[in-house]
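Please keep the structure open as you read.

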Amino acid sequence: MTGIILTNARLATMIPGGEPYGAVTDRDLAIRDGLIHSLPPRNARPPALADWPEQDLGGRLITPALIDCHTHIVHGGNRAAEFELRLQGASYQDIARAGGGIAATVAATRAASEEELLAAALTRVDALLAEGAALIEIKSGYGLDRDTELTMLRVARRIAQERRVRVRTSFLGAHALPPEFAGRADAYLEQVCLPTLQAAHEQGLVDAVDGFCADIAFSSEQMARVFDCARQLGLPVKLHADQLSNLGGTRLAARYAALSADHVEYADEADAAALAASNTVAVLLPGAFYTLRDTHLPPLDALRRHGVAMAVATDCNPGSSPLSSLLLAMNMACTLFRLTPEEALAGVTVHAARALGLHDCGTIAPGLRADLAVWDVASPAELAYRIGINPLYQRIFAGKP
């Protein structure tokens, strides 16, 4: 089958270890059967490609399609009222302990129908796709009962049927305690969380298992129980770790060779070393840092010293990060966390793919999926530099624009 050749473009392959951004300026990009076929020299194209049709991209930039590796995009309701409370001085923990926070979204999500959840989620998904995303991770965790957790995961699967996007699901039953189990975390895990995880696995609804290790959620010992169950089911794990304080979540994630440890604002040097030893990705979520007006930065220098891969994601959720722009997340990662624009772009491509345990996307190389974004920019740094500007020219998903 004849493919197509994208010509007259600059490539940011995001392959580590070479030129900045993995830059390539003298090659074309050949696509066939949804995959990157080759990167032929622009002025010495192999005879086998001589008859392939071309698309002239007018000198534009091609990057891997963007990846949002941490979202809570399926949920009911919103928490704008809590935004006002925080502006008046209430903390995230204060609101949660007063019955707001995650509990408020649980009530709204339980009350919504599957079709209502899908329609609301698609609006947020479309915003991500319009900025060049081709892969989105979606968590449960706003049901906290069997039926609603499974409904959320079904909705996440349906999104990939309704839109040209890949979806990876994470079971987040250990997100918070529902009101009916207040003060009985172990009972909730035993009676609801773990049986629901097993049901989700049996129904093919879950790709990974997540949890929230925090003083308003679950201890590291309780999360270990969830991770043990995931291990028995053959599922990889990830963790909301050390966002509000250091309860040992990052080291727990490393001990279980987690795909990622996410947030990590209160992680330290030893945590960074543990992540490096376990090859676990640190997922930085500047939207939550910004919305909660946090001041405790993730240990960026320690993560760099130990060579920890750093992904960047929106954390799209109704409370702490009502953000559905990966481009803005990149800018925030640079301005708030002092990532370089190259680190930010790697964070939403190659490292985001690693944070989901995927090796078929995130860079531009022969044999990988042809999930690409074409940009009207002069430099890759513009993707993190501009605010409120969407320079996407074309999104290519599985080889098709």
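Q: In which strand is the place of His 263?
A: This is a predicted model, where local features need pLDDT of at least 70, side-chain atom pairs count only at pLDDT 80 or more, and totals for chains, interfaces and linings use all residues. Residues are numbered from 1 along each chain as its sequence is written, and side-chain values use heavy atoms, with hydrogens and water left out. Strands (E, at least two residues) and helices (H or I, at least four) are DSSP runs numbered from the N terminus. By that count, His 263 sits in strand β11 (residues 260-263).

Q: Is His 263 buried or exposed?
A: Buried means under 20% relative accessible area, exposed over 50%, partly exposed in between (1.4 Å probe, protein chains only). His 263 has a relative accessible area of 2%, so His 263 is buried.

Q: What is the phi of His 263?
A: Most residues other than glycine have a negative phi. His 263 is not a glycine, yet its phi is positive, at about 85°.

Q: Where is the place of Met 14?
A: Met 14 also has a positive phi, near 60°, and is not a glycine. At 4% relative accessibility, Met 14 counts as buried. Its place is the loop between β1 (4-12) and β2 (23-24).

Q: Which residues does UniProt place under "binding site"?
A: The entry is unreviewed. UniProt positions follow the numbering used here, feature names are shortened, and annotations may be inferred rather than shown by experiment. The record lists Tyr 142, Asn 317 and Gly 319.

Q: What is the largest C-alpha distance in this set?
A: The set is spread over 178 residues of sequence. In space the residues cluster, with a largest C-alpha distance of 11.6 Å.

Q: Which residues does Gly 319 touch, not counting those up to four places away in sequence?
A: Gly 319 lies in the loop between β13 (310-312) and α12. At 3% relative accessibility, Gly 319 counts as buried. Contact means heavy atoms within 4.5 Å. On that basis, Gly 319 touches Arg 79, Arg 86 and Thr 291.

Q: How many Å apart are the end C-alpha atoms of helix α4?
A: The expected span of a helix is 1.5 Å times one less than its number of residues. Helix α4 (residues 114-129) has 16 residues, so it should span 22 Å. The end C-alpha atoms agree, at 22 Å.
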